[in-house]
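Visitor: I am new to reading protein structures. Could you take me through this one step by step?

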Amino acid sequence: MPVTKPAFYKVLDELFELDEGTVTGAERLDALGEWDSLRVVSLIALVDERFQIILPAEGFADAKTVQDLVAMFGKDLAE
Amino acid sequence: MENPMDMTGKRVLVTGASSGIGRETCVLLSRLGARVVLSGRNMENLEAALADMEPGEHVISPYDLAGVEGIPAWVRSLAKENGPFSGCVHSAGYFMGKAFALIKPQEVRDAFAVNFDAAFALAQGFRHKSARDPGPASIVFVTSVAGFVGSPTHTLYSATKGALISFSKSLALELARENIRVNCVAPALVKTPLMEAGFTRFTQEMQNKILGDHPLGLGMPMDVAHSAVFLLSDAATWITGTTLVVDGGYLAH
C-alpha cells in the first residue's frame, strides 16, 4: 500500500487504539496517548507491515506532534 | 587424533540453511565430514551456503515450511532419494516483535505454523523408519532465550519458542526407545544480516540496553552452530531432553 497522510493517520488510530478517523494530523502525540519506546517500536513495525517502509528508530522518541512523525518519512506524503 | 564431534558419513538435514545459524551449521558439519541436505526458501542463498562448505555429498532441497502438511512426506522423500538421516537441525524460524495489543489472530497462527508446527512435522517425518538411519540419531531445535524469559513485544515470539522447548522434552522421552535424542539450543541475540537490519528499529537507548544485557557481547552464528553440532554428535550421546543455552551470559542476570 502506498503511504499517504490519510493511510498513515489510520495507522496512528490503530496504534493509539482510537476510533478510525480520530487522528486528523493536527494533534500533539501526548493528546493521543502515552508516547514511549514501546509505542515507537510498534509504530515502526506497523509502518513496515502496511507500507513496506523500514524507518530507523532514531529521532522518534523526540517527536511531539503527528506532523513530526510525518516528517520521519523524509519526503512529502500525498494528502 | 580422535575427534568426538566427528560426523563422517552421517547425513544431516538442516532447515533455515540459507542464512545465519543454519548456514554456519552446514559449514561446520561439512568440515566434520557430514553429508548435508540444505533446506530453505531461497535457492540463490542456499547455493551460496553450499559454496562456503567443504566439498562432499551435499544436496540442496528448497522447501517453504509454511506448507506444514507436506513436511513429513518431504523428509521421507529426501531420505529415499539421498539415503537415510541420522541428524536434523531445525534452524528455520522467524522473529516477530510487536506490542501485544496490536497482534492479530492470523499473526498468531502464522508464527506458530513456522516456529512450532513446522518443527513438530519435521520431527514426525524424521523419526519415520523410512527416513532414518537405524543407528543412533539426534534432532536439534534452534529455540531462543525468549523461551525462558520475557520481554515487552516478545509475547508471541516467546510463546512459540517456549512451546518448542517443552515439546522437545516430551519428544525426547517418547523417542528415547527409538535411539533418537532430542535437544534444543537457545541463543540470545546473534549477529545476522536480518538482525542487523532489524536493530535499526530500536532507539539508541534500547540498543544500548540490549548490548549491555550480553556480558560477552552479541553472538556469532558459528557460536551457536558449534553447540548445535555438539548435540548432534556422539560427544552428546548421553544428552537428551535438554536445552543448551548459548547466550553470552544473557540469562546469568
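Visitor: How many residues does the contact take from chain A and from chain B?

Guide: This is a predicted model, so what follows describes a computed structure. Two residues count as in contact if their C-beta atoms, placed from the backbone, lie within 7 Å. By that rule the contact takes 14 residues from chain A, and from chain B it takes 13 residues.

Visitor: Which classes of residue make up the side of chain A that touches chain B?

Guide: The side of chain A that touches chain B can be sorted by class, and it includes 2 polar and 2 charged residues. The remaining class on this side of chain A is nonpolar, with 10 residues.

Visitor: What radius of gyration does chain A have, and why does it agree with a compact globule?

Guide: Chain A has 3 helices and 0 strands, and along the sequence these follow the pattern α-α-α. Its C-alpha trace spans about 25 × 25 × 20 Å along the principal axes. Because a compact globule with 79 residues would have a radius of gyration near 12 Å, chain A agrees with its value of 11 Å.

Visitor: How many residues of helix α1 of chain B are buried?

Guide: Helix α1 of chain B covers residues 20-31 and reaches 17 Å from its first C-alpha to its last, close to the 16 Å expected. A residue is buried if 20 or more other C-beta atoms lie within 10 Å of its own. Among the residues of α1(B) that pass this test are Ile21(B), Cys26(B) and Leu29(B), and the count of buried residues in α1(B) is 10 of 12.

Visitor: Which residue just after α1(B) takes a positive phi?

Guide: The place to look is just after the end of α1(B), where a phi of about 95 degrees occurs. The residue with this positive phi is Gly33(B).

Methods
Residues are numbered from 1 along each chain as its sequence is written. Chains are lettered from A and ligands numbered from 1 in the order in which they are written. This is a predicted model: local features need pLDDT of at least 70, side-chain atom pairs count only at pLDDT 80 or more; totals for chains, interfaces and linings use all residues. Helices (H or I, at least four residues) and strands (E, at least two) are DSSP runs, numbered from the N terminus. The expected span of a helix is 1.5 Å times one less than its number of residues. Ala, Val, Leu, Ile, Met, Phe, Trp, Tyr, Cys and Pro count as nonpolar, Asp, Glu, Lys and Arg as charged, and the others, Gly among them, as polar. The radius of gyration is taken over C-alpha atoms; the globule rule is 2.2 Å times the number of residues to the power 0.38.
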